[in-house]
Amino acid sequence: MMQGRGVIATGNGVPPVDAGLAAPDAAVAACPLPVLGIVGPSGAGKTALLCRLLPELAVAGLRVGVIKQASARFDLDEPGRDSDRLRRAGLARTLVAAVGQTALIEERDPACQPGDCELADALGWLDVGALDLVLVEGFARAALPKLEVLRADGPKRHQYRHDAWVRALLADHEPEPEPESEPAAAAAAASRLPRLDLADATAIAGWLCAYREEFLARRAGRTGGAARSGELAR
């Protein structure tokens with residue numbers, strides 16, 4: 001197991017994968033891999049964290065897929081290239097394949113809004129058979145386990161105070177106490193969340209590896225029980 005410089009403060013370590021929450025999004029529940037969100041307001045450092053985290057996960061032997069929710073339209077193609085000309089001629093989907101890279105571009109209605117892209121759509125494009133873990137940057141309102149990024153000098157959403165799907169805090173400071181108006185149950189639950197050092201990518205990667213192991217063990221237990229009772233026939 002990887003060792004990091006540590007945790008700002010920790011509650012019960014890795015929270016149980018199933019903690020009596022409402023059902024996750026159907027696409028997340030159907031995915032055979034753990035899917036975890038990285039949430040926080042714009043400018044909190046989510047992408048910077050992923051750039052430090054992915055090499056650590058690669059060292060641990062994990063193949064990671066990342067889904068990033070964009071706030072505006074974007075273009076991966078180069079204007080004037082053959083693939084760009086074909087797309088602009090009316091293709092609904094363009095797949096560009098080269099040695100070492102493949103890109104699939106789906107054209108959507110220009111009138112689509114950022115919220116029209118659902119997490120289920122994005123998960124559907126991933127080849128989960130080639131992955132060990134899926135991390136999601138964005139989709140903060142989706143029902144899936146999440147890690148919240150908190151920086152002392154950055155914007156804060158404090159999503160953990162009202163979202164029971166937040167499983168750990170990634171912070172460079174001791175998060176502020178919950179306001180007195182916070183419901184007692186919510187405040188107690190938040191106080192038990194692990195708080196990992198945002199600067200310690202090794203420790204965060206270790207937490208993710210432990211979470212993945214627990215997820216797979218629990219999933220194997222559920223699958224085995226269903227198989228013994230014949231429930232998997234359908």
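Analyst: Start with one residue. D163 has 13% relative accessibility, so D163 counts as buried. Keep in mind that this is a predicted model.

User: Which residue forms a salt bridge with D163?

Analyst: First the general idea. Side chains of opposite charge can pair when their charged atoms come close. Here D163 pairs with K146, and the closest N and O atoms are 2.8 Å apart. D163 sits in the loop between strand 7 (146–150) and strand 8 (166–171), while K146 is in strand 7, 17 residues apart from its partner.

User: Is K146 buried or exposed?

Analyst: Residues under 20% relative accessible area are called buried. K146 has a relative accessible area of 1%, so K146 is buried.

User: What does K146 touch, leaving out residues up to four places away in sequence?

Analyst: The list includes G37, V39, F139 and A140. Q159, D163 and W165 are also among them, as are V166, R167 and A168. With D163 there is also a side-chain polar contact, at 2.8 Å.

User: How many salt bridges does the count come to?

Analyst: The count comes to seven salt bridges. One of them joins the side chains of R63 and D132, at 3.1 Å from N to O. To read such a pair, look at where each partner lies. R63 is in the loop between helix 2 (46–59) and strand 3 (64–68), and D132 is in the loop between helix 4 and strand 6 (133–137), so the pair ties together parts that are 69 residues apart in sequence.

User: How accessible are R63 and D132?

Analyst: Take each partner in turn. R63 is partly exposed, at 42% relative accessibility. D132 is buried, at 11%.

User: Which residues are linked with R63 in a network of salt bridges?

Analyst: Salt bridges can be read as links in a chain of partners. In this case D132 and R212 are linked with R63 in a network.

User: Which residue forms a salt bridge with K68?

Analyst: The partner is E137, with the closest N and O atoms 2.8 Å apart. K68 belongs to strand 3 and E137 to strand 6, so to speak distant parts of the chain, 69 residues apart. Now compare accessibility. K68 is exposed, with a relative accessible area of 52%. E137 is buried, with 7%.

User: What does L57 touch, not counting residues up to four places away in sequence?

Analyst: L57 touches L62, V64, L133 and L135, among others. A205, L208 and C209 are on the list too.

User: What is the phi of F139?

Analyst: Phi is a backbone angle. F139 has a positive phi of about 50°, although F139 is not a glycine. F139 lies in the loop between strand 6 and strand 7. At 10% relative accessibility, F139 counts as buried.

User: And the surface? Which residues make the nonpolar surface patch of about 310 Å²?

Analyst: The patch is made by L95, L104 and W125. W125 is in helix 4 (residues 119–125). W125 is partly exposed, with a relative accessible area of 42%.

User: How do I read the protein as a whole?

Analyst: Begin with the elements, then the totals. The protein has six helices and nine strands. Of its 234 residues, 37% are buried. The accessible surface comes to about 13,000 Å², and carbon and sulfur atoms account for 55% of it. Last, look at the contacts between residues at least 6 apart in sequence. Of these, 67% join residues at least 24 apart.

Methods. Residues are numbered from 1 along each chain as its sequence is written. This is a predicted model: local features need pLDDT of at least 70, side-chain atom pairs count only at pLDDT 80 or more; totals for chains, interfaces and linings use all residues. Side-chain values use heavy atoms; hydrogens and water are left out. Patches are made of residues with over 30% relative accessible area and no salt bridge: like charges are joined within 9 Å, nonpolar side chains (Val, Leu, Ile, Met, Phe, Trp, Tyr) within 5 Å. Accessible areas come from the Shrake-Rupley method with a 1.4 Å probe; for residues, only the protein chains shown count as cover. A salt bridge is a side-chain nitrogen of Lys or Arg within 4 Å of a carboxyl oxygen of Asp or Glu. Helices (H or I, at least four residues) and strands (E, at least two) are DSSP runs, numbered from the N terminus. Buried means under 20% relative accessible area, exposed over 50%, partly exposed in between (1.4 Å probe, protein chains only). Contact means heavy atoms within 4.5 Å. A polar contact is a pair of N or O atoms within 3.5 Å; within protein, one must be able to donate a hydrogen and the other to accept it, and residues adjacent in sequence count only if both atoms are side-chain atoms.
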